[in-house]
Amino acid sequence: MVEQKHPESDIDKNLEFEFIDDIVICRFLGRNVTMDFAVMAVKKRLEITKGKDWKVLICVSNITSVPKPVRDYLSSDEAKQGIKASAIISNSPISNMIINFFLGINDISKEDFPAKVFSSEEKGLKWLKKLDV
């Protein structure tokens, strides 16, 4: 019998949260994002932010795979709950291009809240701190 990891333990090992002023930082530490992981990550963010709206800095530099159904979920109303603005951090030019394309296709930046891609946490934090949302 093969032992399966409980998904909750994956969250603790592959997702890190930090608070700076009115910003919550979510760092994805793993390489792949499955649907179960994405749903739990959103649940965990909502749990630790206690139902309040926050500016969110999302670090995805380590991620190499996000299947389309997961991307669709992450752009859903359910996953976007509690987000006033989003800075997405990626240090890969190809990832940046894909994220910008994805944001444009889903109109996430125009529809619900400001969202932008940055190459460093410092740049993303600076932009989020300037926003009056």
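In the hairpin formed by S1 and S2, where two residues lie between the strands, Asp21 takes a positive phi near 55 degrees; strands here are DSSP runs of E with at least two residues, helices are runs of H or I with at least four residues, and both are numbered from the N terminus. Most residues other than glycine have a negative phi, and Asp21 has its positive value although it is not a glycine. With a relative accessible area of 62%, Asp21 is exposed, a class that begins over 50%, whereas buried means under 20% and partly exposed covers the values in between, for a 1.4 Å probe and protein chains only. The model is a predicted one, in which local features need pLDDT of at least 70 and side-chain atom pairs count only at pLDDT 80 or more, while totals for chains, interfaces and linings use all residues. Residues are numbered from 1 along each chain as its sequence is written, and side-chain values use heavy atoms, with hydrogens and water left out.

The chain contains seven helices and five strands, which follow one another along the sequence in the pattern α-β-β-α-β-α-α-β-α-α-β-α. Of its 133 residues, 40% count as buried. Among the contacts (heavy atoms within 4.5 Å) with a separation of 6 or more, 77% are between residues 24 or more positions apart.

The five strands form an open sheet in the order S1-S2-S3-S4-S5, with mixed pairing. S1 and S5 (115–118) stand at the edges and have a single partner strand each, so one side of each is left without a neighbour in the sheet. On average, and with direction ignored, neighbouring strands of this sheet are turned by 20 degrees against each other, the axes being lines fitted to C-alpha atoms, for helices over the stretch in contact, and angles running from 0 to 180 degrees between N-to-C directions. Strands of a sheet pair through backbone hydrogen bonds, either parallel or antiparallel, and two strands are taken as paired if DSSP finds at least two bridges between them. S1 and S2 pair in the antiparallel sense over six bridges, whereas S2 and S3 pair in the parallel sense over five bridges, with Val24 standing opposite Val56 in S3.

Phe28 belongs to strand S2 (residues 23–28) and is the bridge partner of Leu15. The two residues are 13 residues apart in sequence, and their C-alpha atoms are 4.8 Å apart in space. Phe28 is buried, with a relative accessible area of 13%, and, when residues up to four places away in sequence are not counted, its contacts include Val33, Phe37, Ala41, Ile58 and Ile63.

Helix H2 (residues 35–48) has 14 residues and reaches 20 Å from its first C-alpha to its last, close to the 20 Å expected at 1.5 Å a residue, where the expected span is 1.5 Å times one less than the number of residues. H2 lies across S1, S2, S3 and strand S4 (83–89), and runs at about 25 degrees to S1. The buried residues of H2 include Phe37, Ala38, Met40, Ala41, Val42 and Arg45.

The loop between H2 and S3 holds Thr49, which at 3% relative accessibility counts as buried. The side chain of Thr49 reaches the backbone oxygen of Arg45 at 2.8 Å. Apart from neighbours within four places in sequence, Thr49 is in contact with Phe19, Val24 and Trp54. Lys50 is found in this loop between H2 and S3 as well, but is exposed, with a relative accessible area of 70%; Lys50 has a positive phi of about 50 degrees although it is not a glycine.

Rings of Phe, Tyr and Trp (its six-membered ring) count as paired if their centres lie within 6.5 Å, and planes under 30 degrees apart count as stacked, over 60 as edge-to-face and the rest as tilted. By this rule there are three aromatic pairs. One of them, formed by Phe19 and Trp54, is edge-to-face, at 5.0 Å centre to centre and 65 degrees between the planes. This pair links distant parts of the chain, with Phe19 in strand S1 (residues 15–20) and Trp54 in strand S3 (residues 54–59), 35 residues apart. Phe19 counts as partly exposed at 39% relative accessibility, whereas Trp54, at 16%, counts as buried. Phe118 and Trp127 form a tilted pair, with 5.5 Å centre to centre and 45 degrees between the planes, and both residues are buried.

Notes:
A polar contact is a pair of N or O atoms within 3.5 Å; within protein, one must be able to donate a hydrogen and the other to accept it, and residues adjacent in sequence count only if both atoms are side-chain atoms.
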